[in-house]
Every structure is written in structure tokens, then in C-alpha cells.
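Subject: Structure handover

Hi,

Here is the structure we talked about. Please open it alongside this note; what I found follows below.

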Amino acid sequence: MTIEMKIDGPETVNRTDDMAQGVLGRDSARPDGLAKATGRATYAAEAHPEGMLHGVLRRAPGIGAVRCPNLEAVRAMPGVRAVLRDARMVRNAAQGMADEAPVQGVDEAAYVGQPIALVVAETFEQARHAAQRLEVAIERTDLPIDPDAVEPEVPEAKQSSQGDLDAAMRNAALTIDADYTTSSMNSAAMEPHAAVAEWDGTTLTLRGALQMLRFNRNELADSVGLSAEHVRILAPYVGGGFGSKLGISADCVAAALAAMELGQPVRVVQHRRNVFEVNTRRSETRQRIRLAADADGRLIGLGHEALVSNLPEETFAEPVVQASHFAYPGAARTLGIRIARIHRPAAGSVRAPGEAVGVTASEVAMDELAYAAGVDPVELRLRNIPEEDPERGVPFSSHRLKAALLDGAERFGWSGRPMAPRQRREGEWWIGTGMAAAFRVNMVVEAQARIRLHGAGAVVETDMTDIGTGSYAIFQQVAAELLGLPLAQTEVRLGDTALPPGSGSGGSVGAASTGTAVWLAAMELRRQIAARLGCDEAELTLKDGTATAGNTRQDLADILSGAELTGTGHVKPGDAAEKVRQATYGAHFAEVAVNDVTGEVRMRRMQGTFSAGRILNRRTARSQCHGGMIWGIGMALTETMTHDRRDGHVVNRDLAEYHVPVNADVPPLDVHLLEERDPWAGPMQAKGIGELGICGAAGAILNAIHHACGARLRDFPATPDRVLAALE
Amino acid sequence: MAVTITVNGQDHTLDLDPRVTLLDALRDHLHLTGSKKGCDHGQCGACTVLLNGRRVNSCLCLAVMHDGDEVTTIEGLAEGGPSPLQEAFVAHDGMQCGYCTPGQICSATAMLDEVAAGWPSHVSASLDCPVELTHDELAERMSGNLCRCSCYPGINAAITEVARRGKTEATE
Ligand code: FES
Ligand code: FES
């Protein structure tokens, strides 16, 4: 039996808090932790089916028409089984939730690095050598690669305007009008994209490094020309994704085509340098932000207009202004996104698309406004919390920005901070502090899950993935809580399209969407247990494997007496999203040291307070927040994909040249999670938290740099050359 | 080429293409996939194993150069039950996706020995003082192991706890 639920209104009953097991919300260990710590967890590339061949992708060295003049000679090299140049190979990874093949083809390279052949050989070493020997001749076409040098598209649906911002800017006591830029960035998940494909003549089985299997299955099927029933994808462990594994990737499609052609299993692992090119990057942005405020710093107008880029035919445009629609008040508002069609590698979702760059830049602008008004930056945010959604006029489902700001300020020791910059010096180092607010939209998407309950415990099943987010842990907790089982008796099986389709991991939707499906499946089982006992579900207490109803108590195993019960949950988004504005909130505080001689910035400490509805597992939620904040450090100080000015190729396409934060870049971090219930978030009253931690974090750091040394930086990252230039 | 390597206490004689790295020998030929490949270029530390007791990036080693050597992998550290570091990484959530985790744990295992032996690091105050495992020392010594999930707070808490326990045991 299935319980279906559409999220149309607030869930005021809050049955979750009636449950008795006491495991939900707790700080508890990942059930998959020991497998990962002992090397038993197996990722995509680690299957080794009998007779497996190895494929290596060859990249286009330029933009234009592609030929491989020595293809036959390479095919004759030792061990080589095929040189595949199949028109079905994909140009770049599919966008998240595309549900169909991305742009395909190998005859025209749209960007430098596009995969244009797959060389398959008996061993990896033979395949790699042969791929290096494959000559690629490009008939170069001169296509634009600089986002500032083309006339951008201005899609009407992405522009919005209310009131007269120009008039507000003219009449305001205080105004800010500045351009902010962020760089191209890469997810750089530690596991490179990889696939092992097997074809038995009817069914294609693919082990992949993918985040959203129910979509990926259709994308793969569409790419290779099969119907989805004949495709199965497995991804029980995924070595990080952060958006780069949302859509089917080039390795998956190439491995599948090769396996189907050769009738043998084929493995394709992207080289780290492919990872930087073939999978979607975060677009660089240029953001014009205008703030109009009264003399007290209260906003009367707000403008946020961004230029982003992407390849032709890509539907995604970095939604930079997503949070600006509701974060701050102001009757006059102009928001918009323009898209430059250029031939850098494809852009797509990277952790917190939109807010990661949009909130970050806006929070620097808000700091500038605080200084213009002579108002403490925390106080300025407190003065600008809207009563309701400032554009749509609907209420907030819950709004915990004030609580987060006050809590963070208290824990960080913000009060008494001198407002003026350049107040504290230690040797060569200027020391300063800064803050930023965090905003991130919250969504529920369609998801299903099944629970099988038998005498010895329960098994939760869905094709949902755990990309490090903690899906295994929280689904175990949700099911154990509702079914009154110890965690150890609740098993979770994920990452297999043969299981009910979950939401997939992306956009922070997993916990609330698939988690709710698990909750509904467990509720259905509670009803079945209650029916067996002849009582009402609400009268039932399930704890430690026993059921209590009225004054009778019975072991669950006896109630089942050998039977297996199955419950399925199915959640769908309803019109709740139209009735209220739903988001998560937080506050970042940072202390930095800026070297007066070298311009180097060192993090001293960071504090984050976050509110995201019910926290399902404090330990895994805290880790997600740490991750987001540390990504903020990368965005603030080191991360930038450099595109060559002539052909747009990624100059620094490996981990030696693209600098993700390392252990020594990260200071002590303090994360505090506020207690919250959001009734509009479904029966668990929980919202997503995986992306909130990055939103605004880098803004707090640039604001701290300003406070330390007086240099106001508006370009991310604040590398030493930029800091030095701003210091003079 | 024939090569004999002792892996986790067992001798393995393999006939390998000389281009095979130690990492690929472990993963593809011995099917010990606990050691991970993050970059194949010595940039990330995911492939860290213990070679004759010292930590190395196994993607930078050619297998045929290690005839007669002893290798311990993450699987070897778990023989006879998980090691204190393996348990502490779970307890402190020193992982998210888990892909860097085997490398982090192998690296930390050797790093604690280096500290005990008094090896200085870039941030040590002098070359010959005993090393105290402060946050700065730990962070410096573990910076060859990238974690994109950014679990450094949990990783450091786990290592610190094991280091502290080791110290109390040593003085008892
Ligand atoms: S795989 Fe060896 S250092 Fe990255
Ligand atoms: S746990 Fe994912 S990279 Fe470290």
C-alpha cells in the first residue's frame, strides 16, 4: 500500500514529535561510515566484471570541425579493441533533471576539451597510450569565448521589475551602485566521473558516479537509443558530486556505447583534467548591485542584475538573483539575468546555484551600505528583515534570520567590535572581522521510497543516492523513529534504479523530499500494524521492537508472525510553494588576518548559525555546514578557473593549479544549528541544509578583509595581487 | 615484468606492464579498491598507502620498482578489526562522501609516527624540538590529503583524539 501526499498546506499535526524511539534528530554516526573508513565501500570505477575492457576519452584541442587522421593506425596498436567516434557520444554532461540526452556529437568541438573519441583497449595502460597517440586535427572556427565581448541574451522570464528603481536611487539618502564579479569555479569532487557498463544483449547495466538516478536512467537511455526499462543504473556510493554529477556524463554514454558495440564490459574513468572540462562548471558572474536606502539604512529600492554565460543550446543559466527576490525589502526592485553565449566549457549547477554567488556578492553590498549609513552590519540586516515576501506579498513559511544573526553574533563575540577598519595590527598583519547573512530557497520535489518490515527489522529502499550528504544515516533514523526500531535493525539500500525512484541528490532537496517519502512509507506500515492490533494508528506506540496500544503490549515480531509488510511513500510538490515563500536562513561571522606586505589573507576563525527546519541528524548536518563554509573560504580566497583569452580553454585544469581549500587553509569553525519546525515543509517539518552553508560565506570573509585593512574588494577570489592593489 | 610485493602481510607475485602504477596494481590487479584514485598525479592524496611504513602517493610509484617492498593499505589497517583512527573517523564524522577517507587515514597513521619520531614540519618552531600536535602542526602535516567535502574539522578531531589517547597510553 502507498501513502501519497501533496504538499499543499501546513502540517500542523506534527506526528513526528509524538514518536517514541528517540533516534531522529540525534547526533549519530553514519551507518556507512565504517565501510568508507575501512575501504569496503565501492565506488563506480571499482566493479571488475569478467572480461572488462578499459576506455580512455580523447579531447578536442581546439574549437571547430574535428578529424582524426591516424584513426586506423591507432586501432591497430597493441591491445586496442576500438576507437569509437560515435555520433551519440555527448558534448558535455546533462543538466540536472534534464531527463533526456544532452547535446551529442563528435564532429564539431564546441569548446576545448570536448570528448571526441573513446579509445578502448585490453588494459588501461594500452588505452591511455593509444588515446595519446590519436591525432586530432581541428579546422578552427572563430567563436566567442569572452562573456563581456558578446551581446547577451535577455530572456524575458528572467527579468522582473517593480516600482521605479532609478527614482528610488535619485531620492535615497544613501545609495550603493557597484559591480561585483565571481570566477568560473569547479565542483572538483574527489571521485572523478567514472562508469562501468555491461550489456547482455537486452539490458544495459551501468555503475556510475551520478547524483539523480531516476533522471540519469532516462538520459542514458535516450543517449544510446534504448528504452528506459532496458537500462539499470547502480550508484550505492558516490565520491562527492556538488552538482557535477547531476546529469549523465560523457564517460557513462561512451562506456555504454562501447560495451554495446564490443559485447564486453567497458570501464571509462575521466582523467582529472577531463573532469575540469567535460562536466559543468559554475559560470563566472558580473553582478551590478544597486541599493537605495533611507538615512537609517532601511532599503527602499534594490537592483540586482547579473551577466552569466553558457554554451549554445544549454538551458541552464546561473540563477544569481534567486534569493534577491525575497531576502530584503524595498518597494522599487529590478532583478535580471542576462546570458552570454560563449564557447567555454558548459556551465551548470554547482553547490547552491544562484545563492552561492548571488548572496555572497549582495552581502558585500550590504556591508558597504552599513558603512555608508554608519550602522553596525548586524543591525543593518536586522533593520531590513521583510514582513512578507517583498515581491509576491505572500507570508514566509518561517523566517529565522533574526534568530540566526543574534545567535551567531553572541557566539562569535561580535558586540563591541569597532566599526572603523584598520584598528588592529599584529606585526605585518591587519586583523579584522566581518559578517554576512545566508539565504537559500527550499524546495520539495517528487520522490518515492519503500520499506519492507519483517521480524528482524526493516529495509528502506529507494534509488536515492548518498553523495556524502548523509542519506543513509537520516533515512535509517526516520524509519527507525516511526517504526520503533533500534538503528541497527534498520537497513537502508540506495542507488539502484531497480528500487522506487527517489528525488536524487541535488538542490538540497534530498532529505526533505525522499526523507518524506520514507516517512510516509513508515506511516503506512504503522497503519498496517495498527490494523493488525485492531487499533487506531494514533494510539500506537512503537519502541524497541514492541508495539503498545492501550494497555496491551506485544513484540513486533509476534504481530507480524512471519509475514513481511510493505509500505510505500510518495510525495509530490503541491501548491504550498505558491502560498508561502519558503527558505532557509543563517549568519556567517569571520575573522581574518591580512598581510600588509604580501597581501596574503589567512583565516583565523569562522562561526555559522543556521536554521533549516527540523535537523534530522545533527552530526551529518553539521558536516554539511562545515563543507559549505569551507567552500566559502575557497570562493573568497583561492578558487578560480582561468580561461585562456584566445580559445577559452581551462588553463588550470587540475588540483595542483585549481586551489581547493586544504587542511591548513581552514581555521577552527564553529557551527550552531537552531531548533526549528517548518510546518510547510511536510510532515517532518525539515528543510534542506546541504547548500545553506556556502551562501554568503565568502562575503563575510571579504567584509572581514575590509575591516582588517580597509581594502574593499568586489572581485572574488581575493588573491594577494588583488588585495595588494586594493591596499595601496 | 614479474614483481613480488608484500601487501598487507601477504606476498603477491604479479606479471605487470611496466607502466602500471602501484595504485593500479592494488586496485585493478589485486582488487584492493580501498585505495582511491583522485588525480593520478600526486595532487590529492587519495591514493596514500604505507610503503615500508612510510606514507606515499601510490599513483606516483611504478609497481615494478617495488619488488620486495611492503605495502599496507586501508584494508590492511582494518585487519583484526578497525584501527583506532578508522573508528575515530566514524565517531567524529571525519568523512562525507568517503572518497578521500582511506587516504586520510593511511596518511594520518604514518603522520602520527612521524610526530612521535620528532620529525619537524614547515610550521615547527625549530628542527630538533619534540613536536606537539597543535592545530597548526596537524593541519600542515595533513595538507597533502585534499577533502573536497571539506571534513577537515572532523578529520582533525579524529586524529587529535587518537593522538591524545596514544600519548596517555605511552605515559601510563
Ligand atoms: S591519486 Fe595519487 S595523489 Fe591523487
Ligand atoms: S569525504 Fe568526500 S572528499 Fe573527503
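At what angle do helix α5 (residues 213–224) of chain A and helix α6 (residues 250–262) of chain A pack? The angle is about 50°, and the axes are 10 Å apart. That makes α5(A) oblique to α6(A). Their crossing is right-handed. On the α5(A) side, the contact is made by A:L220, A:S223 and A:V224. On the α6(A) side, A:C252, A:V253, A:A256, A:L257 and A:M260 take part. Of the residues in this contact, 7 are nonpolar, 1 is polar and none is charged.

One caution before going on: this is a predicted model.

Chain B has a helix pair to look at as well. Helix α3 (residues 84–91) of chain B and helix α4 (residues 101–116) of chain B cross at roughly 130°, and their axes come within 10 Å. α3(B) and α4(B) are therefore oblique to each other. This crossing, too, is right-handed. α3(B) contributes B:L85, B:Q86 and B:F89 to the contact. α4(B) contributes B:T101, B:Q104, B:I105, B:A108, B:T109 and B:L112. The residues of the contact between α3(B) and α4(B) divide into 5 nonpolar and 4 polar, with no charged ones.

Now the interface. How many residues of chain A are in contact with chain B? The count is 58, and they meet 47 residues of chain B. The area buried between the two chains is about 4200 Å². Carbon and sulfur atoms give 57% of that area.

Salt bridges come next. There are 5 between chain A and chain B. A:E639 forms a salt bridge with B:R148, and the closest N and O atoms are 2.8 Å apart. Over all chains, a search of the whole structure finds 68 salt bridges. Another pair to check lies within chain A: the side chains of A:E153 and A:R341 meet in a salt bridge, at 2.8 Å from N to O. This pair links distant parts of the chain, 188 residues apart. A:E153 is in the loop between β7 (137–140) and β8 (159–162) of chain A. A:R341 is in strand β16 (residues 332–341) of chain A.

Best wishes

Technical notes:
Residues numbered from 1 in each chain as written. Chains lettered and ligands numbered in written order. Predicted model: local features only at pLDDT ≥ 70, side-chain atom pairs only at ≥ 80, totals over all residues. Heavy atoms only, no water. Axes fitted to C-alpha atoms, helices over the stretch in contact; angles between N-to-C directions. Helix = DSSP H or I, 4+ residues; strand = E, 2+ residues; numbered from the N terminus. Parallel < 35°, antiparallel > 145°, perpendicular 65-115°, else oblique. Left-handed = near helix turned anticlockwise from the far one by under 90°. Contact = heavy atoms within 4.5 Å. Nonpolar A, V, L, I, M, F, W, Y, C, P; charged D, E, K, R; others polar. Buried area = accessible area lost by both parts, 1.4 Å probe. Salt bridge = Lys/Arg side-chain N within 4 Å of Asp/Glu carboxyl O.
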